[in-house]
Amino acid sequence: NAGVTQTPKFQVLKTGQSMTLQCAQDMNHNSMYWYRQDPGMGLRLIYYSASEGTTDKGEVPNGYNVSRLNKREFSLRLESAAPSQTSVYFCASSEAGGELFFGSGTQLSVL
Amino acid sequence: LAKTTQPISMDSYEGQEVNITCSHNNIATNDYITWYQQFPSQGPRFIIQGYKTKVTNEVASLFIPADRKSSTLSLPRVSLSDTAVYYCLVGPEGGKLIFGQGTELSVKP
């Protein structure tokens, strides 16, 4: 039972490069989320998808785009990476009841 | 959106009961209250969730007064392995779930 799977686990980018972080869940959850966590700080919501076919902005959406490809997958894209986007990115999913299940995170460094 | 306020840090000793209170004055009718634990380099892990009154599971209790403007997470007999950051999260099912700053709990021998 994999739960929430994120790829890649580590990534180093140069300023201006683009990349997509992948997230997939096998729990048949309706809602999915992307958070970022800077060193020593709390989690900040980037985007979320309450159900398949819908996406909404969170607290810090600038510089990111998302795609809810199907019920299982929710990807996060950085079109032009900046050093300020250096962070750990967590994907999460939830079903009715609100408990969030988190992936193991992607550690991203932008040089 | 319900904003949450928690103490930034707390210290305790092994075997003690720890109570962490979260303030959420503008909680909405359809909001649930959920607590998470996070260890370094890991994603947060669910501890307990409630809507009103008291909820208890095998690891913690959650006390919610009638006005729901605050909640208290109670950890009985903490151990060194309970050293972590604890987050109070208030929000609707499947909605915009915003984490607060969290409480860094340090358990000492």
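1. Of the 111 residues that make up chain A, 48% count as buried. The model is a predicted one, and the values below should be read accordingly.

2. The secondary structure of chain A consists of eleven strands and zero helices. The radius of gyration of chain A is 13 Å, close to the 13 Å that the globule rule gives for 111 residues, so chain A is as compact as a globular protein of that length. Along the principal axes, the C-alpha atoms of this chain fill a box of roughly 40 × 25 × 20 Å.

3. Among the contacts in chain A with a separation of 6 or more, 53% are made by residues 24 or more positions apart.

4. Chain A has 9 positive and 9 negative charges, whose mean positions lie 8 Å apart.

5. Attention is drawn to the peptide bond between A:T7 and A:P8, which is cis, with omega about -5°. A:P8 is placed in the loop between β1 (4-7) and β2 (10-13) of chain A.

6. A:N28 is not a glycine, yet its phi is positive, at about 60°. The residue A:N28 belongs to the loop between β3 (19-25) and β4 (31-37) of chain A, and it is exposed, with a relative accessible area of 52%.

7. In chain B, the loop between β3 (32-38) and β4 (45-50) contains B:S41. B:S41, a residue other than glycine, has a positive phi near 65°. With a relative accessible area of 74%, B:S41 is exposed.

How values were computed:
Residues numbered from 1 in each chain as written. Chains lettered and ligands numbered in written order. Predicted model: local features only at pLDDT ≥ 70, side-chain atom pairs only at ≥ 80, totals over all residues. Heavy atoms only, no water. Helix = DSSP H or I, 4+ residues; strand = E, 2+ residues; numbered from the N terminus. Buried < 20%, exposed > 50% of the residue type's maximum accessible area, 1.4 Å probe, protein only. Rg over C-alpha atoms; globule rule 2.2 N^0.38 Å. Contact = heavy atoms within 4.5 Å. Lys, Arg positive; Asp, Glu negative; His and termini not counted. Charge placed at Lys NZ, Arg CZ, Asp CG, Glu CD.
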